[in-house]
Amino acid sequence: MVIMDTNAYDDMLKTAFPAIRANEPVCTKSSHFQVPKNLLPAITHYIHTQPNLRGKLTLLWACDHRPSRDTYGLYYLFTLEASHHWMVLSTELTNTDRLFPSITPHIHAAQWYEREIRDMFGLIPQGHPDLRRLVRHEHWPKGTHPLRKDFPWNCVLGRQQGTYHFPHIEGEGVFEVPVGPIHAGIIEPGHFRFSVAGEPIMHLELRHFWKHRGVEKLFEQQPLTDAVSLAERVSGDTTVGHSLAYCQAVEALLHLDVPRRAKYLRSLFLELERLYNHLGDIGAMCNDTAYALAHAHCGRMKEQIMQLNDRLTGSRFLRGVIQVGGVPRDIENAQLVKIVEELNRIQSDFSEVGAIIFANASLTDRLETTGVLNEQTAWDHAVIGIVGRASGMNCDLRRDRPFAAYDELPVNVALYRYGDVRARLRVRGDEIHESIRLIRDIRRKIPDGPIACQPGSLPNPGDWTLSAVEGWRGEILYAVTAGEGGQIHRCKVRDPSFVNWPAIQWAVLGNIIPDFPLINKSFNLSYAGNDL
Amino acid sequence: MLLTIALIAAQTTVLLAVSPFLVGLIRKVKARLQLRRGASLIQPYADLIKLFRKQPVISTTTSWIFTATPYIVFASILTAGLLVPTFISQTPMNFAGNIIVLVYLLALGTFFLMLAGLDAGSAFGGMGSSREAIVASLTEPAMILAIFAIALTNGSTNVSTIVHKTALMEDIVTDPSPHLMALAALFIVALAETGRVPVDNPATHLELTMIHEAMVLEYSGRYLALLEWAAGLKLAVFLSLIANVFAPWGIATTITPAAIGIGLLAYVVKTAALAAFIGVIECMFAKLRLFRVTDLLGVAFILALLGLLFFYTLRS
């Protein structure tokens, strides 16, 4: 595979499909094409499979443009494998035309996106193999599509009856085990339906979206500069990831130049968030195998980082540490030295705990070969983040599309190929060391200077941009379109959980039921970030 | 006669009183090893009192089996406990049955617990019962063989006789290997039967991984209290068996106040030491994969069998 420059990609696509029109790119390292709707399956297939492109479907979203130009917009974002160049395809559906060709038959990763668009906008992906409702559960009245502009945000819906059809596996000794949405522990709501023959799992179907909060609709009620606190609450454990991704989008729309010091501090907070979540995850995975010793120690280290967060910012979950244009509070250099000292202590503790974890034979036996997500399945589902890197997907936005201060902070990406629970544990372990190393790097390189810039002029209505952040779970994407008077017209939020949830259904096949909680914990996906 | 009744009452009281303590002690040891303070040792007693005061909720889909099971389980395990010497070597109930009765009294409780797991019709109860059936069917032969290995050396299947003889150092064993093999086998069986790590995890909240907890998932109030207490009793029965068969030191061989006093003290110390050891094991190992449990219990079976073989080879 050859890494070519941007123009070469554009030329390739234009040569292959003369009917497409190149638009102004929405951000750096990207191209944007206006595509006729009937060409979508062919072009997406070409981008996805062409050996020099190998585009991975990264985001697919819709936008209701009817108030201004009487159309719906559909946007397809592909990341090219070698160069991590973004290719955006957009098409417009006229108001009377509610059909668009589904790309799911050849790009598996599109399947939830297209079902989501159908639920939220009432646009129908023709040829989609599974047109059951996804986000709108059956009790939502027919014809309610909340992200259409004529749907009032505060409307109270009636209830209707309906049934969701689970596929049934039939055969002697095959039975179904329904689990959730209410669980025995303190877990968010999700329904898992297993078809099992004895203990081995033959099929798993997820049913999520029990806690739809209308987040994307709520964004549309807010001015661009005010919605940071809403972004922070998309998924409570990824406060920094989401607020940073949102702020970067707004800053791009307002043409703000964030000061370098603020960028470094943002990287610092993002790494602190990664640290406490990874430590908690490793402990929780050990706890699911009843190896309580590692759980206790990881729990202690997670708590130390959260208390550090509290001392630095006044919030254990790092709320309110990022604002549009920079960061609200500075952290003095003397304090940074103290942080590094404390993290060094935690790192030496973690090295010891990690050595115990990886030396324990009984634990290793539980983790190895459990819940294998192979590389091909991971590629087909465009799996990202920790889960992807454990299955050989060499992707990390901190390296591939540097944001915040990562252009000056080179990241060593943890990569494993086995795709089992142990690989996912190892990725987390490596990333803990890497994060602490990065924070030391930040302490060394951080420049002095201002930490915020003044808000600039309002963006033109219809301007839009994309923003991506490598949160601790994986790629967080925001596609923000500006509306009239600095309002938000559309804000597409994509937590990595939305992409990785369907992959669990494949990772569990052939495993036994009592190993499911462990596999699920090794993915550790957000329900809130997924349900929106 | 009166003395026998008094001793039976005493042993019942000791078993009932000690069992929550052993459960609490394991939890405490685990907590301390994890650098936690841990719940107080009287917490299991407080839990039982709380549960006995609570109103039970019973699913309308259940039959009489569901309500009868806690009593059957509790009674069968308590009776089994009376066959095993605790603080006096010649347990007052020893006329009632030998080692085989003991094994099947425990199996009776397990059998009804499995039925009750199925009775409520929830998916988790059924999974728990099916897993318990695997575990129980593999522990039973291992346990019987282990006990036979010891019975042969002492020439009796009556637990009291075995303990009494060993305590008085009659029939001095020249080679301890059959005993050691049986001890290892019985310890593995005890871990499996009482639902401890690495076979089951009594502390988990994950319904899908449970064995014992899944079967009792539908119980509440006094029924749950009885089952929890019965689980504690089972632990006490196994620990008494291991402690007194393999290390009957200090046990009262005569019925005098001084001997009984020493016997009680020795009993509590020995079972507490075993419970603490279980606590340490629970911290050292992860739970096995469900299908690996059969390997572990296979090891127990082989160890017990080796114990038997050793006995015959050493004798000739």
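Analyst: Let's start where the chains meet: the contact takes 25 residues from chain A and 24 from chain B. Two residues are in contact here if their C-beta atoms, placed from the backbone, lie within 7 Å. On the side of chain B that touches chain A, α1 (2–33) and α5 (123–154) of chain B each supply at least two residues. Sorted by class, that side of chain B has 14 nonpolar, five polar and five charged residues. (Ala, Val, Leu, Ile, Met, Phe, Trp, Tyr, Cys and Pro count as nonpolar, Asp, Glu, Lys and Arg as charged, and the others, Gly among them, as polar.)

Some ground rules: this is a predicted model, where local features need pLDDT of at least 70 and side-chain atom pairs count only at pLDDT 80 or more, while totals for chains, interfaces and linings use all residues. Residues are numbered from 1 along each chain as its sequence is written, and chains are lettered from A and ligands numbered from 1 in the order in which they are written.

Staying with chain B, look at helix α6 (residues 159–167): seven of its nine residues are buried. Buried means that 20 or more other C-beta atoms lie within 10 Å of a residue's own; with 12 or fewer it is exposed, and in between it is partly exposed, with C-beta atoms placed from the backbone. Val159(B), Ile162(B) and His164(B) are among the buried ones. Just after α6(B), Met169(B) takes a positive phi of about 60°.

Of the 532 residues of chain A, 49% count as buried.

How do helices sit against each other there? Two packed helices are described by the angle between their axes and the distance between the axes. Axes are lines fitted to C-alpha atoms, for helices over the stretch in contact, and angles run from 0 to 180 degrees between N-to-C directions. Take α8 (260–288) and α15 (421–445) of chain A: their axes come within 9 Å and cross at roughly 150°, so α8(A) and α15(A) are roughly antiparallel. (Under 35 degrees is roughly parallel, over 145 roughly antiparallel, 65 to 115 roughly perpendicular, and the rest oblique.) Among the residues that meet are Leu268(A) and Leu275(A) from α8(A), and Leu425(A) and Ile432(A) from α15(A). Altogether the residues of this contact divide into 12 nonpolar, four polar and five charged.

A second pair is α16 (496–507) and α17 (516–523) of chain A, packed at about 150° with axes 11 Å apart, so α16(A) and α17(A) are roughly antiparallel too. Asn500(A), Ile504(A) and Ala507(A) of α16(A) make this contact with Ile519(A), Asn520(A) and Phe523(A) of α17(A). By class, those residues are four nonpolar, two polar and no charged.

Technical notes
Helices (H or I, at least four residues) and strands (E, at least two) are DSSP runs, numbered from the N terminus.
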